[in-house]
Amino acid sequence: MQKNIKIITEYWGRIDPLKIEDYLNVGGYVALKKFIKEMNPGKALEEVKLSGLCGRGGAGFLTGKKWEMVAEQKSKEKYFICNLDESEPGVYKDRLIAENSPHLLLEGIIISTLTIGAKKACIYLNGNYEKAREILGQAISQALENNLLGKKILGSEFSLEVEIFSGAGAYVCGEETALINSIEGRRGEPKIRPPYPTECGLFGKPTAVNNAETIANIPYIIQNGGEKYLECATKLFVLGGSIKNRGVIEAPIGLMMREVIFELGGGMSAGKEFWFAQVGGAAGKLYLEKELDAPVLGSGAILVVDKLADIHDLLLSWTGFFRRESCGKCVPCREGTFRLNEIAERLADGEISDRDKEAVLDILWTLENTTFCPLGKFAAVAVRDAVEKLEILK
Ligand SMILES: Cc1cc2nc3c(=O)[nH]c(=O)nc-3n(C[C@H](O)[C@H](O)[C@H](O)COP(=O)(O)O)c2cc1C
Ligand code: SF4
């Protein structure tokens, strides 16, 4: 396995993200030119299907399959949405893509939108990402000036408009149906599925929603072919906590957690001893040392926790986050996240009762089995592992 291939981060820090000329000089927009001059949407879709590219937003759904579902819809109006909500604590890879590679992302958005047969794309941006908003806004203007966007792109029959929509930084608005509600001007809360957005999405029209990192892989796939991508696909890892190399690292997909932490991440910070790693952000599972020989799943965020960490602080942080971010639409999550946070407070104060201990198990079951959307289930993940693996209630 090639460990040094870079598809997304290759030019970070080496070219000026505010200058389209810099991107053009390193082969930028060659994929779009190839798409326009040598390919068609059907051929591009075939390449993406061949590439095996799967979503980097957490669920890992096959991108080619999703696009095919939208492309097959008869509707004349369709939409493409780049999901850059990224509201989970400790996860910031998509922001770095927007700030360092705005044109790579934009090129990916243009090709993706044209491939599914849409004429309008929207970037749903975390409202706190002001710098990214400015950079992306400039990139859109420069692409328009260079006829890479807008009417009759590069003299072809393709036309496309890209708009940035700033959310308010709510975690639930990263969920695609809540995100669509938010763009439509409604409360940012999830909708029942089916119908899925691929059939009935933004303004009731077929819509593909993709994570920013997923989209940033598209120019490489179009330029080099799906088969080549299959050999060298990468993933961004966000490393944090008691680890030497903190930050965002691009590495081959399929690496084991142990390799990411102890090789790419450089191992533990000086004087620290590994206790567990939380993998996948605030909604991530906890892994003990003996469980690290498994591939990294989810959004690629890894928080390494050492033996001196205060588990009560972590519990307060996890449960407080979900209590704040629960949208309140369904009772099990609205109440469950609240009660779990209250019990975490009593645990931290040394006032937990036997009744609380029983209640924790009931609440976890309720969150796992009865909530309306995945956010409720996510709220239970780390606490469940803390109960079972770290034995916090004993
Ligand atoms: C509570 C919740 C929050 C989510 N937040 C994000 C997010 O910030 N960014 C993202 O790309 N996907 C997020 N997702 C997943 C999206 O619903 C959707 O699956 C994803 O954007 C699809 O893109 P992909 O196939 O390229 O991964 C979230 C899902 C849930 C349930
Ligand atoms: S599970 Fe939570 S976030 Fe999802 S709909 Fe219910 S209250 Fe809202």
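**Between two domains**

Ligand 2 lies between domain 1 (20-231) and domain 3 (311-388), because both give residues to the shell around it. Domain bounds here come from an automatic or database domain assignment. This is a predicted model: local features need pLDDT of at least 70, side-chain atom pairs count only at pLDDT 80 or more, and totals for chains, interfaces and linings use all residues. Residues are numbered from 1 along each chain as its sequence is written, while chains are lettered from A and ligands numbered from 1 in the order in which they are written.

Ligand 2 is surrounded by 15 residues, of which the closest are Cys327, Cys330, Cys333, Cys373 and Gly376. A residue counts as near a molecule or strand if its C-beta atom, placed from the backbone, lies within 6 Å of it. Two helices, helix 14 (331-348) and helix 16 (374-388), each supply at least two residues of this shell. Helices (H or I, at least four residues) and strands (E, at least two) are DSSP runs, numbered from the N terminus. By class, the shell of ligand 2 has eight nonpolar, four polar and three charged residues. In this scheme Ala, Val, Leu, Ile, Met, Phe, Trp, Tyr, Cys and Pro are nonpolar, Asp, Glu, Lys and Arg are charged, and the others, Gly among them, are polar.

Now turn to ligand 1. Where does ligand 1 lie? Domain 1 (20-231) and domain 3 (311-388) both give residues to its shell, so ligand 1 lies between them. The shell of ligand 1 holds 22 residues, and Gly55, Gly57, Gly174, Asn211 and Thr214 come nearest. Strand 4 and helix 16 are the elements that give two or more residues to this shell. Strand 4 gives the most, with three residues. The class count for the shell around ligand 1 is eight nonpolar, nine polar and five charged residues.

**The chain as a whole**

The chain has 16 helices and nine strands. Its radius of gyration is 22 Å, close to the 21 Å that the globule rule gives for 394 residues, so the chain is as compact as a globular protein of that length. The radius is taken over C-alpha atoms, and the rule is 2.2 Å times the number of residues to the power 0.38. Along the principal axes, the C-alpha atoms fill a box of roughly 70 × 45 × 35 Å.

Of the 394 residues, 47% count as buried. Buried means that 20 or more other C-beta atoms lie within 10 Å of a residue's own; exposed means 12 or fewer, and partly exposed is in between, with C-beta atoms placed from the backbone. Among contacts with a separation of 6 or more, 70% come from residues 24 or more positions apart. Two residues are in contact if their C-beta atoms, placed from the backbone, lie within 7 Å.

The domain assignment gives domain 1 (20-231), domain 2 (233-306) and domain 3 (311-388). The centres of domain 2 and domain 3, taken over C-alpha atoms, are 24 Å apart. Their contact takes six residues from domain 2 and seven residues from domain 3. On the domain 2 side, these are three nonpolar, two polar and one charged residues.

**Strand 5 and its partners**

Seven of the eight residues of strand 5 (residues 234-241) are buried, so strand 5 is largely enclosed by the rest of the structure. Strand 5 runs antiparallel to strand 6 (residues 247-252), joined by six bridges. Two strands pair if DSSP finds at least two bridges between them. Strands 5 and 6 form a hairpin with five residues between them. Here leucine 236 stands opposite glutamate 250 in strand 6. Strand 5 also pairs with strand 9 (residues 301-306), in the parallel sense over four bridges. In that pairing, leucine 239 faces isoleucine 302 of strand 9 as its opposite residue.

**Backbone details**

The loop between helix 8 (176-183) and strand 4 (207-211) contains proline 194. The peptide bond from arginine 193 to proline 194 is cis, with omega near -5°. The bond from proline 194 to proline 195 is also cis, with omega near 5°. Phenylalanine 203 lies in the loop between helix 8 and strand 4. Its phi is near 50°, a positive value in a residue other than glycine. Phenylalanine 203 is exposed, with 12 other C-beta atoms within 10 Å.
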